[in-house]
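Please read this briefing alongside the sequence and the coordinates. It is grouped by topic.

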Amino acid sequence: MKFIYMKILAIETSCDDTAVAILDSSEQGHKILANIVSSQIKIHAPFGGVVPNLAAREHLKNLPVVLKQAFFESKLKEKDIDLMAVTIGPGLIPSLLVGTNFAKALAYAWQKPIIGINHMEAHMYANWLKNPNIQFPALCLIVSGGHTQLILMKNHGDYQLLGETRDDAAGEAFDKVAKLLGLCYPGGPIISKIAQAGDSDKFNLPRPMINSKDYEFSFSGLKTAVLYEVKKQKRLNKKYIADMAASFQQAVADVLIFKTLKAAKEYKVKSLLLSGGVAANPLLRQNLSLKARELKNTKLYIPDFAFCTDNAAMIGAAAYYQRNRKDNHWSQIQANANLRLVD
Ligand code: KG4
Ligand code: ZN
């Protein structure tokens with residue numbers, strides 16, 4: 001078999017991370033020659049969340065610097081690039097517009113083919129970075145700041161949405177609960193750290209929709225349950241915060257894992273994939289790994305920590321499997337804040 005090798009330059013600016021990666025990809029695997037992520041957390045943290053126009057302004061400043069660094073680390077020049085890829089949505093429109101216009105200008109100037117990539121699809125493809133031989137059908141649980149979806153992947157580009165959240169995304173719930181507990185943004189990393197010292201049985205929080213017959217999720221009621229508990233307190237001490245963080249994290253993980261396993265069994269999938277920022281949660285990773293042992297013919301994949309949260313390497317990986325798309329011209333690239341993977 002003749003393998004197709006491609007050097008891919010990928011750009012991601014859907015939210016508040018400015019990311020550029022360069023991959024040397026083939027069917028055999030993806031060599032990451034550079035993976036630069038410039039975080040804006042310090043700028044947005046005082047506002048308790050991402051401020052879209054501020055994020056766009058920072059992307060504009062950061063993109064040329066991050067691009068230069070990626071080329072420096074990869075030891076490549078623009079002439080070595082075979083394919084470009086850029087996130088076109090979903091995400092914050094000011095952020096997406098900066099990234100797509102930057103990428104379009106480069107593709108035009110350098111006369112390179114360029115592919116627009118769905119950010120959620122790329123999160124799934126973070127799993128291919130280390131494992132190029134994932135078998136279909138695969139079930140993917142995407143848990144990020146904006147989405148919580150269970151997707152059945154029948155093949156590359158052939159997806160079925162089994163269920164998604166009806167209100168808050170799992171990551172959004174982590175961020176909101178962190179705020180209720182007086183913790184900083186983003187909430188996921190700090191809650192998982194503080195929860196290590198907490199008792200997850202201390203508060204009996206609900207497991208929303210765990211027994212519903214579908215694969216839908218809901219996290220806003222869980223957040224409200226935390227709010228009502230917190231309101232009973234005059235002052236939140238360290239022990240209380242740790243116990244609440246642990247109880248909340250456990251409730252989220254329980255629901256996600258229960259429904260994911262149920263779907264994996266029903267659809268008899270060969271592979272089970274975890275992805276998105278919340279996939280960096282140690283309890284979710286650990287408990288899903290333990291529970292997935294029940295599935296005899298299903299292999300579990302979880303990306304390395306750095307590839308769970310936003311990065312451009314995953315955009316490049318997704319692009320490799322779409323390299324034959326015909327709309328690979330800069331004039332076809334258009335940002336869409338509400339882009340959906342499947343309806
Ligand atoms: O995928 P991502 O980087 O951006 C989006 O596409 O939304 O996900 C960001 C989300 C945030 O809500 C953040 O709080 C959450 O991922 N997150 C975590 C952890 N690390 C990041 N949630 C739980 N535990 C973590 N360790
Ligand atoms: Zn993301």
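The notes below go through domains, a metal site, a helix pair, backbone features and selected residues.

This is a predicted model, in which local features need pLDDT of at least 70 and side-chain atom pairs count only at pLDDT 80 or more, whereas totals for chains, interfaces and linings use all residues. Residues are numbered from 1 along each chain as its sequence is written, chains are lettered from A and ligands numbered from 1 in the order in which they are written, and side-chain values use heavy atoms, with hydrogens and water left out.

The protein chain is divided into domain 1 (6-127 + 307-332) and domain 2 (135-302), with bounds that come from an automatic or database domain assignment. A zinc ion (ligand 2) is coordinated by His 119, His 123 and Asp 310, and helix 5 comes within 10 Å of helix 7, axis to axis.

**Domains**

- The centres of domain 1 and domain 2, taken over C-alpha atoms, are separated by 27 Å.
- Contact between the two domains involves 16 residues of domain 1 and 22 residues of domain 2, where contact means heavy atoms within 4.5 Å.

**Zinc site**

- Helices (H or I, at least four residues) and strands (E, at least two) are DSSP runs, numbered from the N terminus.
- Both His 119 and Asp 310 are buried, on a scale where buried means under 20% relative accessible area, exposed over 50%, and partly exposed in between (1.4 Å probe, protein chains only).

**Helix 5 against helix 7**

- The axes of helix 5 (residues 170-180) and helix 7 (residues 220-231) come within 10 Å and cross at roughly 5°; axes are lines fitted to C-alpha atoms, for helices over the stretch in contact, and angles run from 0 to 180 degrees between N-to-C directions.
- That crossing angle makes helix 5 roughly parallel to helix 7, given that angles under 35 degrees count as roughly parallel, over 145 as roughly antiparallel, 65 to 115 as roughly perpendicular and the rest as oblique.
- On the helix 5 side the contact is made by Lys 176, Val 177 and Leu 180, which meet Lys 223, Val 226, Leu 227 and Val 230 of helix 7.
- The residues of this contact divide into 5 nonpolar, no polar and 2 charged, with Ala, Val, Leu, Ile, Met, Phe, Trp, Tyr, Cys and Pro counted as nonpolar, Asp, Glu, Lys and Arg as charged, and the others, Gly among them, as polar.
- Lys 176 counts as partly exposed because its relative accessibility is 30%, and, leaving aside neighbours within four places in sequence, Lys 176 is in contact with Asp 168 and Lys 223.

**Backbone features**

- A cis peptide bond with omega of about 0° joins Phe 136 and Pro 137, and Pro 137 is placed in the loop between helix 4 and strand 6 (138-143).
- The peptide bond from Tyr 185 to Pro 186 is also cis, with omega near -5°, and Pro 186 lies in the loop between helix 5 and helix 6 (187-195).
- Lys 75, a residue other than glycine, has a positive phi near 60°; Lys 75 is found in the loop between helix 2 (52-74) and strand 4 (83-89) and counts as exposed at 74% relative accessibility.
- Lys 268 is not a glycine either, yet has a positive phi of about 45°; Lys 268 lies in the loop between helix 8 and strand 9 (271-275) and is exposed, with a relative accessible area of 68%.

**Selected helix residues**

- Ile 194, in helix 6, is partly exposed at a relative accessible area of 22%, and, not counting residues up to four places away in sequence, Ile 194 touches Leu 183, Ile 241, Ala 242 and Ala 245.
- Lys 238, in helix 8 (residues 238-266), counts as exposed because its relative accessibility is 76%.
- From C-alpha to C-alpha, Lys 238 and Phe 71 are 45 Å apart in space, and they are 167 residues apart in sequence.

How values were computed:
Donors are N, O and S atoms within 2.8 Å of the metal (3.2 Å for Na, K and Ca); water is not among the atoms, so sites may look incomplete.
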